[in-house]
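Let's take a walk through a protein model together. Keep the structure open beside you as you read.

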Amino acid sequence: MCVYSSVRRIVCNEVVSKRENVMMKAWSRARGWIGATLLGLVLSVVGEAGVAHAELRIDITRGNVDPIPIAIPAFGGDDERASRLGADLAGVVQADLERSGLFRGIDSRAFIQTFASMQVQPRFPDWQAINAQGLVQGRTALQSDGRLRVEFRLWDVFATQQIKAQAYVTEPGNWRRIAHIIADSVYERLTGESGYFDSRIIYIAENGPAIKRVKRLAIMDQDGANHRFLTDGADLVLTPRFSPSTQEITYMSYYNGVPRVYLYNIDTGKRERLGDFPGMTFAPRFSPDGNRVIMSMARGGSSDIYVMDLRTLERRRLTNTPAIDTSPSYSPDSQRIVFNSDRGGSQQLYVMNADGSGVHRITHGNGRYATPVWSPRGDYIAFTKMAQGRFFIGVMKPDGSGERLLSDGYLVEGPTWAPNGRVLMYFRQNPSDARGQGGDSYLYSIDLTGYNERRVVTPVQASDPAWSPLIP
Amino acid sequence: MKISVLSVVAASLLVAACASGPQEGGDASGAGKGAVNAPAPGTAADFVANAKDRVFFAFDRSDLDESAVKTLMGQVAWLKAYPNAKVSIEGHADERGTREYNLALGERRANSVKQFLKAQGVSDARVQVISYGKERPAVVGSNEYAWAQNRRSVTVVAK
């Protein structure tokens, strides 16, 4: 809530301007970063040390089955409270990086050197001896104004070079966000891809037996922290999705027994029904700019795709067939829409222009295809596939070529992209027996390469995950 | 799909000619006077007791088979006996489809029943449809029997 807006403001306020940044770089070159700190320069984002030829780099376009060993000692603190926060911060950074499957945190008991301060240079042979490829050195301090200052440096241990350094100042309550931002920074520096740890998940929390299932909207940080329920379970709710600002979601609710698409503001808790449609509206998603919601309306046995402008409340019908046209998703440039339709006899994926023209089918394989979601990078479409009595999560290029299946099960459904388009999350429901045993449903994430499938921990059973963009 | 609906309607006219539904409906309302536990005539409970409330569908289909038509003719008879009653038709799907598609499929099934009732003279104004997709199974279990029981429409008399 305000946690997010306040940290955003603080981080934004203190980002050094481009000009300052250039000066800083010049300064670091002249004096070195350590000198700058000693001279008492207060900076929030320290200039990057521009190292052109670092050896440490991870290629994540090939399934990396051998994670890079990285050392993340507890961030030292000026006093006991700062030290405690520093240890927790390092733990969150390490957990984020490890969950990506690309890094392995080295057990702190193996460390030879300990850092009393940021001014201490790593003794590289000590870190090389334990085969740490990367080293994250950090420090925390509580300022006299009560705010928390966190600095970190990323070292390439074998090249013996600093390859990233930044500092942040924020309210102490925001320390987890700072940890995620640092993890993103390390990930970005080492993989060349943007990070995804400073993000949240909205999903449907599930309780109770299958025939009387209670479903609630729930939200949490990408790592499961700061979990809370947004609805009480009185109404059936389904398929929440984030707006690009991450402050608003669109979802479907059976409020008052009338299934319709709603908007919900996470900060204010305000909920409103979207439009006045004569039939059931469902399968909503925001346009990439957040100004429109695209969805289906079912009426008279057919479902068609509509787009609603949130500013003018004008709605426009994009498909008009007796078929089921649903699960629409915009391309990141908003020019095209992918959706699934049974107009050809079975559920397949189609792409059309944003005005509904130029509809063409992109899937021709065996099986039924559903829930297409365009990657935020635009390079892939993720989908659910049903074939031979099983469900699959897969990706294909936007022209339908290059299909790759990443996961399968009795029921896996509803992929959602991490903000960097490198990781997918979806839900997996197990079969149940005739007494209703089993049938549990949980969230899973998997790398685009098909490696590193892992359960996303939720306090209760879960379905319909949606990954937020990076928090602005 | 259109063709199959038409053929079902044609078939239903044949069934209607010899259906025993209306008689059963009449018996039930008569029995209401004497029997202690019989539901009040024209109520939701009376409908459940005297007309079959649900019809079943094949996988990914919404057309009505012979048994569905027979059941619906019973519903038509009851609805004609109680012309003030309004109904909601709930469309459902089994768990072997994706959530959003199944919401659409449930609506299509419920609508298929609504169209049948309309063809039999039950006014549109008395009939609402609502889809629950795969959200409200009637039978638990991941097996053919449960799936078949869950691919259904259920006609519920409004209170």
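Start at Gly121(B), which comes just after α5(B) and takes a positive phi of about 95 degrees. Helices here are DSSP runs of H or I with at least four residues, strands are runs of E with at least two, and both are numbered from the N terminus. Before going on, note that this is a predicted model: local features need pLDDT of at least 70, side-chain atom pairs count only at pLDDT 80 or more, and totals for chains, interfaces and linings use all residues. Residues are numbered from 1 along each chain as its sequence is written, chains are lettered from A and ligands numbered from 1 in the order in which they are written, and side-chain values use heavy atoms, with hydrogens and water left out.

Now the helix itself. α5(B) has 21 residues and reaches 30 Å from its first C-alpha to its last, close to the 30 Å expected at 1.5 Å a residue (the expected span is 1.5 Å times one less than the number of residues). Is α5(B) mostly buried or exposed? Of its 21 residues, 18 are buried, so the helix is largely enclosed by the rest of the structure. Here, buried means under 20% relative accessible area, exposed means over 50%, and partly exposed lies in between, using a 1.4 Å probe and protein chains only.

## Chain B as a whole

Zoom out a bit. Chain B holds 6 helices and 4 strands, and from the N terminus on they run α-α-α-β-α-β-α-β-α-β. Of its 159 residues, 50% count as buried. Take the contacts (heavy atoms within 4.5 Å) in chain B between residues at least 6 apart in sequence: 74% of them join residues at least 24 apart.

## Where the two chains meet

How many residues does each chain bring to the contact? Chain B gives 29 and chain A gives 50. Between them they bury about 3,000 Å², 53% of it on carbon and sulfur atoms; buried area is the accessible area (1.4 Å probe) that two parts lose on being put together, summed over both. Arg96(B), Arg99(B) and Glu100(B) supply 24% of the area that chain B buries against chain A, more than any other three residues.

There are 6 salt bridges between the chains, each a side-chain nitrogen of Lys or Arg within 4 Å of a carboxyl oxygen of Asp or Glu. On the side of chain B that touches chain A, the elements giving two or more residues are α5 (99-119) and β3 (127-133). Our helix α5(B) gives the most, with 9 residues.

## An aspartate to look at

One salt bridge joins Asp60(B) to Arg368(A), with the closest N and O atoms 4.0 Å apart. Asp60(B) sits in the loop between β1 (54-56) and α4 (66-81) of chain B. With a relative accessible area of 17%, Asp60(B) is buried. Its phi is near 60 degrees, a positive value in a residue other than glycine. Most residues other than glycine have a negative phi.

## Two spots in chain A

Asn452(A) also has a positive phi, near 60 degrees. You'll find Asn452(A) in the loop between β28 (441-447) and β29 (454-456), and at 21% relative accessibility it counts as partly exposed.

Gln166(A) is in strand β6 (residues 161-170) and counts as buried at 10% relative accessibility.
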